[in-house]
Amino acid sequence: MSKYLKPIKLICYENCENAENVLNDFPVQAILTNNNNRVYSKIKNNGFLLLDFGREINGGICITVNNVDNNDAQFNITFGESVSEALSENGIKNADNYHSIRSYRVPAKFLSTQNIGDIGFRFVKVSAINSDIEISAVKAVKNYYEEEYKGSFECDDELLNKIWKIGAYTVQLNMNHYLWDGIKRDRLVWIGDMHPETSTIGVVYGKSECVGNSLDLIKSETPSDKWMNGYPSYTLWWIIIIHDIFMQFGDIKYLKEQEEYLKGIIDHIAAMIDSGFATGDSVFVDWSSYNSEGEIEGLKAILILALECSEKIFNYLNCADYAEICNYYCRILKGQPITAAMNKRICALNVLAGRKNDDIYEKMKDNSGNEMSCFIGYYILLAKAKLNDYKGAVELIRNYWGSMVKMGATTFWEEFDISWTDNAYGIDELPVNGKKDIHGDFGKCCYTGFRKSLCHGWASGPTPFLSKIIGGIEILEPGCRKVRIKPNLGGLKWIKVNFPTPFGNINIYADGSEVKTDAPKEIEIIN
């Protein structure tokens with residue numbers, strides 16, 4: 001669906017008359033007569049307006065023109081996820097038209113209304129070229145997933161409540177027919193990046209068609225003896241997602257449809273392990289760990305997680321032979337010593353896989369937000385929970401994701417290093433002399449400068465973490481037929497969680513003295 005949103009703030013302007021009137025809620029429709037004596041904004045030749053729509057949006061804008069001086073009048077439209085990006089021409093700090101177009105030159109016509117753009121943005125610069133242009137309205141045309149949230153999380157910490165909602169909104173904007181990685185750049189189905197997104201969808205919406213569409217798309221495009229999106233780890237995340245959605249929703253028919261394909265994947269995995277990872281396949285975990293010394297240890301950890309999920313799937317499908325193959329290779333990998341130094345991201349994956357050493361424990365004690373990534377950050381939280389450090393995980397959410405919020409984030413980003421905040425101005429601020437641009441001055445690998453997405457679903461990890469792990473929800477039988485509820489407050493005074501299941505919501509309240517649960521009759525609750 002789509003709807004119109006008026007701008008909430010005029011950031012700045014040059015060479016304009018009545019610029020502030022663009023904030024009025026005038027109709028998105030050219031009107032022949034002005035019987036209400038409205039005073040419209042005029043952008044003079046080579047002037048501009050810079051508008052803030054208050055939060056990240058997936059869509060474009062609608063401009064209503066009242067008058068122009070000549071037939072050669074044009075608009076130059078520049079979208080930005082930050083003020084600095086909207087003010088930058090293509091080629092500046094890696095600003096460009098990547099998977100969606102951020103910069104347009106379009107005609108401006110007398111009494112016209114036109115929609116422009118389809119991208120992720122919050123800010124728009126509207127410039128007049130070759131003529132003065134009188135406009136009656138500039139509004140965002142927001143595309144959005146129309147279903148209401150089924151799940152929720154609340155606690156006594158308003159920052160955490162805000163972070164939960166921002167994570168949910170980040171993923172909501174990426175939910176289309178397929179589940180995208182980002183709404184500005186990477187409007188693609190990167191299956192290896194989707195697990196935090198599908199985990200978020202599970203606690204916010206329950207089941208969503210876009211998840212199945214995306215899983216099936218990548219499966220149809222990838223023979224089982226090839227790797228999804230070109231990386232072994234991406235196929236492994238596909239397996240983990242298939243397992244998780246089966247446990248929450250219990251669709252045995254859909255699981256059965258994956259059986260033969262999954263067998264082919266396991267054969268492919270076995271060949272890779274038997275070769276000692278000498279098949280020439282890319283050892284890739286996360287861009288933030290790209291080419292790091294310990295990346296092979298990260299791949300082994302994800303392999304263990306995927307093989308454990310595969311073993312459970314084959315047991316549910318009564319395929320004992322393939323369940324045993326999965327168990328066999330799991331034991332091989334778990335028996336191999338960790339031989340490379342690892343950063344905190346790779347350490348976390350190995351904690352989840354049950355591979356530990358003294359270095360891992362030391363790395364996982366840090367709650368500062370250092371050595372994080374927006375993607376693997378979710379698994380760092382899960383690893384801290386596995387080590388019973390729930391309070392440390394909550395503090396890490398405040399420090400890392402909370403720092404994005406302080407820099408103006410209304411959705412969570414593709415990449416973020418907490419050190420960037422030193423002497424930097426936020427995404428909703430005009431450039432400040434002597435300070436760094438939090439958006440345009442940082443980044444590495446494939447997301448430097450303005451190419452970096454500020455709405456990336458893989459960064460939504462706190463949302464499922466707070467709902468499921470702090471909420472203490474463990475699904476014991478497929479389809480949520482049996483669920484253990486054991487909240488872990490992590491230093492919070494109280495929590496309220498609504499968790500979607502195929503039968504309706506499980507409602508949880510917990511504080512320091514009691515736990516109350518209310519669940520549909522079809523679900524057995526274990527405390």
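How many aromatic pairs does the count come to? I get 26 aromatic pairs, where rings of Phe, Tyr and Trp (its six-membered ring) pair if their centres lie within 6.5 Å, with planes under 30 degrees apart called stacked, over 60 edge-to-face and the rest tilted. Before going on, I note that this is a predicted model, so local features need pLDDT of at least 70 and side-chain atom pairs count only at pLDDT 80 or more, while totals for chains, interfaces and linings use all residues. Residues are numbered from 1 along each chain as its sequence is written, and side-chain values use heavy atoms, with hydrogens and water left out.

**Rings**

W238 belongs to helix 5 (residues 232-249) and Y261 to helix 7 (residues 259-274), so the pair ties together parts 23 residues apart in sequence. For the element numbers I use DSSP runs counted from the N terminus: helices are H or I of at least four residues, strands are E of at least two. W238 and Y261 are both buried (under 20% relative accessible area; exposed is over 50%, partly exposed in between; 1.4 Å probe, protein chains only).

Next I checked W420 and F442, which are stacked, with 5.1 Å from centre to centre and 15° between the planes. This pair links distant parts of the chain, 22 residues apart: W420 is in the loop between helix 13 (390-406) and strand 9 (424-425), and F442 is in the loop between strand 10 (436-437) and helix 14 (462-470). Both W420 and F442 come out buried. They also share one aromatic cluster with Y400, W401, W413 and F416.

Then charges over rings (NZ of Lys or CZ of Arg within 6 Å of the ring centre and within 35 degrees of the ring normal). R55 has its charged end over the ring of Y169, 3.6 Å from the centre. R451 lies over the face of Y98, at 4.6 Å from the ring centre.

I found an open sheet of three strands, order 11-12-16, with mixed pairing (two strands pair if DSSP finds at least two bridges between them). Strand 11 (473-477) and strand 16 (524-526) are the edges with a single partner strand each, so one side of each has no neighbour in the sheet.

Strand 11 runs antiparallel to strand 12 (residues 482-485) over four bridges. In strand 12, V483 is the bridge partner of I475, and R484 is that of E474. The hairpin of these two strands has four residues between them, and there G479 takes a positive phi near 75°.

The largest pocket has a volume of about 1500 Å³, a volume being the space filled by probe spheres set on the points, which are joined across faces, edges and corners. Of its 50 lining residues, H195, H243, D244, K468 and I469 are the closest to the centre. Helix 5 gives the largest share of the lining, 11 residues.

Notes: 1 Å grid on protein atoms, 1.4 Å probe; cavity = no way out; pocket = protein on both sides within 12 Å on 5 of 7 lines; lining within 4 Å.
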